[in-house]
Amino acid sequence: MISENLHKIQQEIQDSCALVSRQASEVRLVAVTKSVDTETTRILLEAGAEDCAENRVEQLLSKKQALKDYPHVKWHFIGNLQRRKVKSIINEIDYFHALDSLRLAQEIQKRAEQPINCFVEVNVSQEASKQGIAVEEVEGFIHDLASLDQIRVVGLMTMAPLDASSSQRHQLFKTLKQIQQRIADLQLTHAPCLETSMGMSNDFPEAIQEGATFIRVGTALFQ
Ligand SMILES: *Cc1c(COP(=O)(O)O)cnc(C)c1O
């Protein structure tokens, strides 16, 4: 049952926050609806979800259109965005979680009608297969975005490898949080960088303990 899953996850968010003396209101639950249809997404919205994430352009656009009677819902794009698709999606979303190249940023700059909330994706685990900017290049990359006035770096995003141990995940999330805080301390106008998007169904409690402010949860909502 979706509403039961949602309440269970909200409880787990509270419990994880309590462990580290955080407020549950600091954590935003982004429901990843990429694997379910519009009607299932509607049930989730009826149950109280306020943030939806998709990783396919066409699917986000058609769901958003079909669910326009929920105007308060925020739409997030997660995952790889091809440059040729930027134009059709960028003005339809509230957050983009996977900014990982200057060429993509330049295309967003060209197509955006207002500043776009972006998370810079960081490859903290240094896996060759993973998307994202290398840890040592994040600061330089963010400086390079300064001239693009339609890019607003709200935070950093990462994914832990599926086979990482619990202690490895804690370390990865802790590292992302440290980089985020270092960038935030620079007080860059175009990059307030106050947020971290980290934690999925299997590891969001650990991400919250390490300071996640956006968690992206799919499977656990719909199983
Ligand atoms: C699918 C996906 C998620 C959600 O993963 P679950 O394990 O289903 O919770 C989160 N983030 C990204 C980038 C994804 O592609």
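Visitor: Which helix and which strand each supply at least two residues of the lining of the second largest pocket?
Guide: Helix 1 (2-19) and strand 1 do. Helices (H or I, at least four residues) and strands (E, at least two) are DSSP runs, numbered from the N terminus. This is a predicted model, where local features need pLDDT of at least 70 and side-chain atom pairs count only at pLDDT 80 or more, while totals for chains, interfaces and linings use all residues. Residues are numbered from 1 along each chain as its sequence is written, and side-chain values use heavy atoms, with hydrogens and water left out.

Visitor: And how many lining residues come from helix 1?
Guide: Four, the largest share of that lining. In total 13 residues line the second largest pocket, and Q10, I13, V27, R28 and L29 lie nearest its centre. A pocket here is an open set of points on a 1 Å grid over the protein atoms alone, where a 1.4 Å probe fits, with protein on both sides within 12 Å along at least five of seven lines; lining residues have an atom within 4 Å of a point.

Visitor: What is the volume of the second largest pocket, and how does its lining divide?
Guide: The space is about 250 Å³, where a volume is the space filled by probe spheres set on the points, which are joined across faces, edges and corners. The lining has seven nonpolar, three polar and three charged residues. Ala, Val, Leu, Ile, Met, Phe, Trp, Tyr, Cys and Pro count as nonpolar, Asp, Glu, Lys and Arg as charged, and the others, Gly among them, as polar.

Visitor: What about the largest pocket?
Guide: The largest pocket has a volume of about 390 Å³. Of its 20 lining residues, V32, K34, I78, M159 and M200 are the closest to the centre. That lining holds seven nonpolar, nine polar and four charged residues.

Visitor: Where is K34 placed, and what does UniProt list for it?
Guide: K34 is in the loop between strand 1 (28-32) and helix 2 (38-46). An unreviewed UniProt entry annotates K34 as "modified residue: N6-(pyridoxal phosphate)lysine"; such annotations may be inferred rather than shown by experiment, feature names are shortened, and positions are in the numbering used here.

Visitor: Why does K34 count as partly exposed, and what is it in contact with?
Guide: K34 counts as partly exposed because its relative accessible area is 42%; buried means under 20%, exposed over 50%, and partly exposed in between (1.4 Å probe, protein chains only). Leaving aside neighbours within four places in sequence, K34 is in contact (heavy atoms within 4.5 Å) with A53, E54, N55 and Q59.

Visitor: Back to strand 1. In what sense does it pair with strand 9?
Guide: Parallel, over four bridges; two strands pair if DSSP finds at least two bridges between them. A31 has V217 as its bridge partner in strand 9.

Visitor: Which way do the residues of strand 9 point, and are they buried or exposed?
Guide: F214 and R216 point one way, I215 and V217 the other, and all are buried.

Visitor: One more topic. Where is Q180, and why is it called buried?
Guide: Q180 is in helix 7 (residues 166-185). Q180 counts as buried because its relative accessibility is 3%. Beyond neighbours within four places in sequence, Q180 is in contact with L156, C193, L194, E195 and T196.
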